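I set out to record what I looked up in this structure, entry by entry.

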Amino acid sequence: MQRSKIDTWVGFFVLVGAVAVLFLALQSANLLSLSFQKTYAVSAKFDNIGGLKPKAAVKSAGVVVGRVENIAFDDKSFQARVTMALESRYAFPKDSSLKILTSGLLGDQYLGIEAGADDKNLAPGDVISSTQSAVVLENLISQFLYNKAADTSGSAPTK
Amino acid sequence: MSWYKPADVGFAVRAYLGDVGYAARLFMRLLQTVGYALRRNALVRDQIHFLGNYSLAIIGISGLFVGFVLSLQGYYILQRYGSAEALGLMVTLSLMRELGPVVTALLFAGRAGTALTAEIGLMKAGEQISVMEMMAVNPIERVLAARFWGGVIVMPLLAATFSAMGIVGGWVVGVLMIGVDGGAFWSQIQGGVDVFKDLGNGVVKSAVFGVAVTFIALLQGYNALATPEGVAKATTRTVVMASLTVLALDFVLTAMMFTI
């Protein structure tokens, strides 16, 4: 086949388009962070998950070690059952604890996993028992007001 | 023609249905030319060069400026709520999901669609199409197929270029000029954009728009009256119909993709 100038220009155009797609995929959509690592599933029950969503990160010491797979409501215990997939290369002690945290003031919520001291490690299908619910702003405010009221009624009126 | 006379209404409906049927048949025949386009890929290559390379400058520069403006406007709204770091995410999502495909399709209709219509209309006016038919060359394969597949291939690439340039533009204004933290700018983008949901759907949108705009341009050119006036009218109709179709399709696609 005869190679012409047009071939070069068309190749240039297609390359520009491909570079744009790659830029969008790698720099913006963070394709590389989609991990194809092997994972194992662990679940936990929370009293309140706040704004936690499926696909939220599970972090330990700030490093992403897994993702939230599924969130369901358990109508036996009236708690939220959160299933997460932890990467197989990371092992955690059986008595590790989970916390729902927020990245930044308005950021997404994620799960923080804190290692315990047990000799045995978490196995697939295990349930993490020690969990800490999300901080709900309304509860915080009502608690604050309640304490304030208790303080002022306890002490002698100042005026 | 008056709307209260049943005969006139019936005639209008029949004529309209005839047009729709003709368009649908032409569309099906174009879809069947995949094999021909693959065999004669040099023809498609020439069209990619004509439609793509020459549109690259206008698409890139428009993308850059849309990114500039989005970033400027977005900053003043976001900083009011103390979340200027989310600027990058806002710019990227608006570009990937909506502005990239839609604005590219509108520009593509104006830049390349009109050229297609005028070219085919003038071919018809110069009786080149009739000559082809007389020589037993199928004009739908020889003339329309390469242009159709060229347009369909070019549109997603142009839309991706537009979005990428827009994000770079947003970064220039947001980070370099206004002084939003660069690390937060990119990390917010990477945390909030999904490869399949946002980027993938944007690419699907732009491909659909590519089919729609190119097909409308070819249909108008192929149907144009073989006079200077007819070609002029067909070119105008291409821009109007392609733009409206793109906007309507965008609403339907968005409703299907992002609300479920």
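**Entry 1. Nonpolar cores.** I noted at the outset that this is a predicted model. I looked up the largest nonpolar core and found that it has 71 residues. Within this core, V213(B) and L218(B) have the most contacts. I then asked which helices supply at least two residues each. They are α1 (5-28) of chain A and, from chain B, α3 (41-78), α4 (87-125), α6 (139-178), α7 (182-192), α8 (195-223) and α9 (228-258). The most is given by α6(B), with 19 residues.

I also listed the contacts of L218(B), leaving out residues up to four places away in sequence. L218(B) touches L116(B), I120(B), L144(B), R147(B) and F148(B). I then recorded a second, separate core of 24 residues, which includes M84(A), A85(A), F92(A) and I128(A). As background, I noted that nonpolar side chains tend to be buried together in soluble globular proteins.

**Entry 2. I59(B).** I located I59(B) in helix α3 of chain B. Is I59(B) buried or exposed? I counted it as buried, because it has 25 C-beta neighbours inside 10 Å and the cut-off for a buried residue is 20 or more. Not counting residues up to four places away in sequence, I59(B) touches T104(B), L107(B), L158(B), T161(B) and F162(B). I also looked up the separation between the C-alpha atoms of I59(B) and D8(B), which is 45 Å. These two residues are 51 residues apart along the chain.

**Entry 3. Helices α4(B) and α9(B).** I examined how α4(B) and α9(B) pack and found an angle of about 150 degrees, with the axes 9 Å apart. The two helices are therefore roughly antiparallel to each other, since angles over 145 degrees count as such. Their crossing is right-handed. On the α4(B) side, I listed contact residues including A105(B), A109(B), G113(B), T117(B) and G121(B). On the α9(B) side, the contact residues include G230(B), A234(B), T238(B), A242(B) and D250(B).

**Entry 4. Strand pairing in chain A.** How many bridges join β1(A) to β4(A)? I found 8 bridges between strand β1 (residues 39-46) and strand β4 (residues 79-87) of chain A, and these strands run antiparallel. T39(A) stands opposite E87(A) in β4(A). I then found 2 bridges from β1(A) to strand β7 (residues 127-128) of chain A, with these strands running parallel. The bridge partner of A44(A) in β7(A) is I128(A). I had already recorded I128(A) in the second core.

How values were computed. Residues numbered from 1 in each chain as written. Chains lettered and ligands numbered in written order. Predicted model: local features only at pLDDT ≥ 70, side-chain atom pairs only at ≥ 80, totals over all residues. Core = buried A, V, L, I, M, F, W, Y, C linked by C-beta atoms within 7 Å. Buried ≥ 20, exposed ≤ 12 C-beta atoms within 10 Å, placed from the backbone. Helix = DSSP H or I, 4+ residues; strand = E, 2+ residues; numbered from the N terminus. Contact = placed C-beta atoms within 7 Å. Pairing = 2+ DSSP bridges. Axes fitted to C-alpha atoms, helices over the stretch in contact; angles between N-to-C directions. Parallel < 35°, antiparallel > 145°, perpendicular 65-115°, else oblique. Left-handed = near helix turned anticlockwise from the far one by under 90°.
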